[in-house]
Amino acid sequence: MSAAIGSELLFADVTFAVGPGECVVLSGRNGSGKSTLLGCLYGTRQVSSGVVRVGGMTPDERKVGFRRRVSVVLDDSALFDELTARQHLDLLLRSFPAVDHRGVEGWLGLAGLDERADVPALGLSAGQRRRLLLTGAVARDHDVLLLDEPERALDTAGREWLIGLIAAERRRGTAVVVASHHGPLADRVGAARVELG
Ligand SMILES: Nc1ncnc2c1ncn2[C@@H]1O[C@H](COP(=O)(O)OP(=O)(O)OP(=O)(O)O)[C@@H](O)[C@H]1O
């Protein structure tokens, strides 16, 4: 696939496939097009040439059938300021089929947010909000996971937690695409790399 912004070609002839349980890490300098490529995979951006299929579908975030199979934490993913971590996960698990039976308390534990469960998102730290977003993305049923710089705001322990999260996603058969500036991530999760720029 290729993508351009106006007349400027961002990347050309990028080809990769990610099967169930596989992971690709997109790397490259600032502005090389990683977020744009993820947008092409989610259907918020259009490729200028080539074919993109995600979960057997043409990416289109407006289609419920597509959104139900593809879970994302992208640049513009956000939380409701007034809702607590517990309320976010409860809302999510009422809106989408759950990936397993562990329930809200189990996911709060996985996020490491048990003690902050009843604090409105506005009162969480940036790293805690990121853990909540990522936990929500994996808690709802999905086949494909798209993450844009998931390591942002995470401390050293949080980055280890993220690596465990992606490894668990691979084990459950999710196809994962991650844009990241975190050098060790690809090796640690055994991912293939696609370098842009
Ligand atoms: N909506 C837009 N309109 C115009 N130009 C855009 C738009 N979105 C992105 N760009 C440009 O496209 C290029 C690629 O941006 P993109 O966000 O995909 O890069 P990136 O590799 O994710 O960068 P970073 O590592 O900084 O997150 C940049 O030069 C950016 O300025």
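Predicted model: local features only at pLDDT ≥ 70, side-chain atom pairs only at ≥ 80, totals over all residues.

Colleague: In which sense do strand E3 (residues 23-27) and strand E6 (residues 175-179) pair?
Modeller: Residues are numbered from 1 along each chain as its sequence is written. Strands here are DSSP runs (E, at least two residues; helices are H or I, at least four), numbered from the N terminus, and two of them pair if DSSP finds at least two bridges between them. E3 and E6 are joined over 4 bridges, and the sense is parallel.

Colleague: Which residue in E6 is the bridge partner of Val25?
Modeller: Look along E6 for the partner of Val25. That residue is Val178.

Colleague: What is the order of the strands in the open sheet?
Modeller: The sheet has 5 strands with parallel pairing. At its edges are E4 (70-73) and E7 (192-195), each pairing on one side only. The order is E4-E5-E6-E3-E7.

Colleague: How are H5 and helix H6 (residues 156-171) oriented to each other?
Modeller: Their axes, lines fitted to C-alpha atoms over the stretch in contact, with angles from 0 to 180 degrees between N-to-C directions, come within 12 Å and cross at roughly 5 degrees. Angles under 35 degrees count as roughly parallel, over 145 as roughly antiparallel, 65 to 115 as roughly perpendicular and the rest as oblique. The two helices are therefore roughly parallel.
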